[in-house]
Amino acid sequence: MREDPIKIEVIDSAEAGGPDAVSGAGNLSLETGEEQAPKILDPSGQIIRTAKQVERSRAYRIYILLPVIFLTVALLGGLRLASLDGAFVFVAPALVSLIFGLVLFALFIRAGLIDIRGWFSDEYSIVHNAANGVVLATAYASSVQVFNSLLPEAGLPFWVVAFCFAWTLWNNLFAEFDNKRLLRSLAAIFAFAFVAKYVVLANLTAPANDAGWLRSMLENPAREAFTWLLDLPRYSAGTGYIQFFCMGLYFLGLFLLPRSVREQNY
Amino acid sequence: MKASYIHILSILLSAACFSLIVFLYAAEPRSLEEVSTKAISAIETTVTKGQVFTGTYEIDQARFGEGLAAFRADNFVLARDRFERADPERRDAATQFYIAYSYYRQGWGRAFNDNELFASGLERLKRVPEIDADFVSRDADLKLKTAAELRDELEQGLKVTADDFNPLRLLRERK
């Protein structure tokens with residue numbers, strides 16, 4: 001997450017008072033000395049939060065909130081609702097989604113959205129490194145499920161959209177990027193794929209009914225023909241809403257994901 | 001909370017959520033109600049596999065008894081269902097023998113045998129020598145006591161021979 005720098009001042013612990021003022025310094029990499037504790041002050045000089053509180057909030061955001069967000073995306077990314085009865089349909093990701101997820105991660109690293117050396121270090125404890133690995137693993141899982149969500153399930157549309165993704169990701173691998181441009185580019189391509197699948201193709205799909213093939217053809221000839229020709233699955237409209245929410249959560253997760261856990265940008 | 005506790009909590013939370021996601025995608029429940037049903041089934045399977053792993057696996061005697069009662073009452077479909085549930089891991093020779101025998105008895109006909117049921121019986125019978133090569137049934141009600149005898153009877157039933165057109169065949173008895 002790119003945050004605006006907040007003013008940090010080191011003030012005398014005796015002046016600030018409170019237990020956090022002393023113990024907070026120990027949890028930071030700031031050179032404060034035993035006598036002083038870092039505090040976050042507003043322009044008028046009032047203490048907003050102690051550094052320890054900020055550090056703790058940051059830890060909750062990275063190690064609790066982010067995995068929850070990414071795992072929610074991983075759960076919902078493959079969820080569809082059947083057209084006929086609204087039943088859950090869990091679609092496991094295709095192999096190509098795993099590959100796209102990996103390429104996307106390579107892009108994140110290339111563009112500087114993730115600094116691997118900032119996430120894994122010999123200076124950290126094993127548990128710390130493991131927790132960092134888990135956060136990145138959940139981010140990868142959610143990226144895979146986002147591709148699973150956006151790729152049509154079968155037929156010609158699957159190959160067309162997969163080709164578009166492959167082309168874009170491959171080109172991006174060799175382009176000069178910063179993380180903002182990468183996020184904009186991703187938002188654009190994902191939005192395009194979302195509209196193609198959940199607006200255009202969904203509207204070409206004939207609704208499922210028990211009326212029989214002949215009656216369906218008479219009532220809805222064009223959509224039945226498109227459904228048959230393009231091998232479109234019949235999902236309920238609720239699927240689009242779920243996936244829209246899923247996309248939003250994914251980008252929120254990326255926005256909150258720090259470049260490195262080493263950063264102390266409060 | 002100390003940073004290390006948050007890290008451990010993060011790992012445990014992620015592992016639990018990840019397990020839930022894998023379970024949902026593997027079990028594919030179609031509704032929220034089905035989630036609990038599938039979860040119970042998955043837990044039962046896990047417990048059974050654990051029993052096999054630790055060598056404490058035993059068949060469900062109550063269900064086996066129900067299966068045996070249904071078998072003796074010639075209700076073979078119910079019998080098979082009970083036997084299957086009594087031995088979900090298919091590791092008990094006697095239960096598997098009864099299942100194969102139920103296919104034989106259900107498929108047996110004075111004039112014609114049901115080839116499909118006999119083939120299913122043969123298929124299921126393969127499991128018996130894999131579990132216990134020297135299996136002998138102690139059930140006095142069964143005339144075919146070993147897997148070899150039952151296999152021969154099922155194979156003979158599947159073959160078309162001149163004996164099939166012998167009118168005396170109508171006088172034979174089910175074993």
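Residues are numbered from 1 along each chain as its sequence is written, and chains are lettered from A in the order in which they are written. Because the model is predicted, local features need pLDDT of at least 70 and side-chain atom pairs count only at pLDDT 80 or more, whereas totals for chains, interfaces and linings use all residues.

The secondary structure of chain A comprises eleven helices and five strands, taken as DSSP runs numbered from the N terminus (helices, H or I, at least four residues; strands, E, at least two). Of the 266 residues in chain A, 32% are buried; a residue is buried if 20 or more other C-beta atoms lie within 10 Å of its own, exposed if 12 or fewer, and partly exposed in between, with C-beta atoms placed from the backbone. Among contacts in chain A (C-beta atoms, placed from the backbone, within 7 Å) between residues at least 6 apart in sequence, 73% join residues at least 24 apart.

A nonpolar core is defined as a set of buried Ala, Val, Leu, Ile, Met, Phe, Trp, Tyr and Cys residues joined through C-beta atoms within 7 Å. The largest such core has 44 residues, of which Phe70(A), Val73(A), Ala74(A), Val135(A) and Phe147(A) touch the most other members. At least two residues of this core are supplied by each of H3 (51–76), H4 (95–111), H6 (126–150), H7 (155–173), H8 (179–204) and H11 (238–256) of chain A and by H1 (3–27) of chain B. The greatest share comes from H3(A), with eleven residues. Beyond its neighbours within four places in sequence, Phe70(A) is in contact with Thr138(A), Ala139(A), Ala141(A), Ser142(A) and Gly253(A).

The axes of H8(A) and H11(A) come within 11 Å and cross at roughly 175°. H8(A) is therefore roughly antiparallel to H11(A). Axes are lines fitted to C-alpha atoms, for helices over the stretch in contact, with angles from 0 to 180 degrees between N-to-C directions; angles under 35 degrees count as roughly parallel, over 145 as roughly antiparallel, 65 to 115 as roughly perpendicular and the rest as oblique. Leu183(A), Ala187(A), Phe190(A), Phe194(A), Tyr198(A) and Ala202(A) of H8(A) meet Gly240(A), Gln243(A), Met247(A), Phe251(A) and Leu254(A) of H11(A). Nine of the residues in this contact are nonpolar, two are polar and none is charged (Ala, Val, Leu, Ile, Met, Phe, Trp, Tyr, Cys and Pro count as nonpolar, Asp, Glu, Lys and Arg as charged, and the others, Gly among them, as polar).

The contact between the chains takes 21 residues from chain A and 19 residues from chain B. On the side of chain A, H3, strand S5 (88–90) and H6 give two or more residues, and H3(A) gives the most, with eight. This side has 16 nonpolar, five polar and no charged residues. Ile6(B), in helix H1 of chain B, touches Ala59(A), Tyr60(A), Tyr63(A), Ile64(A) and Met1(B), residues up to four places away in sequence not being counted. Ile6(B) is buried, with 20 other C-beta atoms within 10 Å.

Most residues other than glycine have a negative phi. Glu28(B), in the loop between H1 and H2 (32–54) of chain B, has a positive phi near 50° and is partly exposed, with 15 other C-beta atoms within 10 Å. Arg90(B) has a positive phi of about 55°.

Technical notes:
Contact = placed C-beta atoms within 7 Å.
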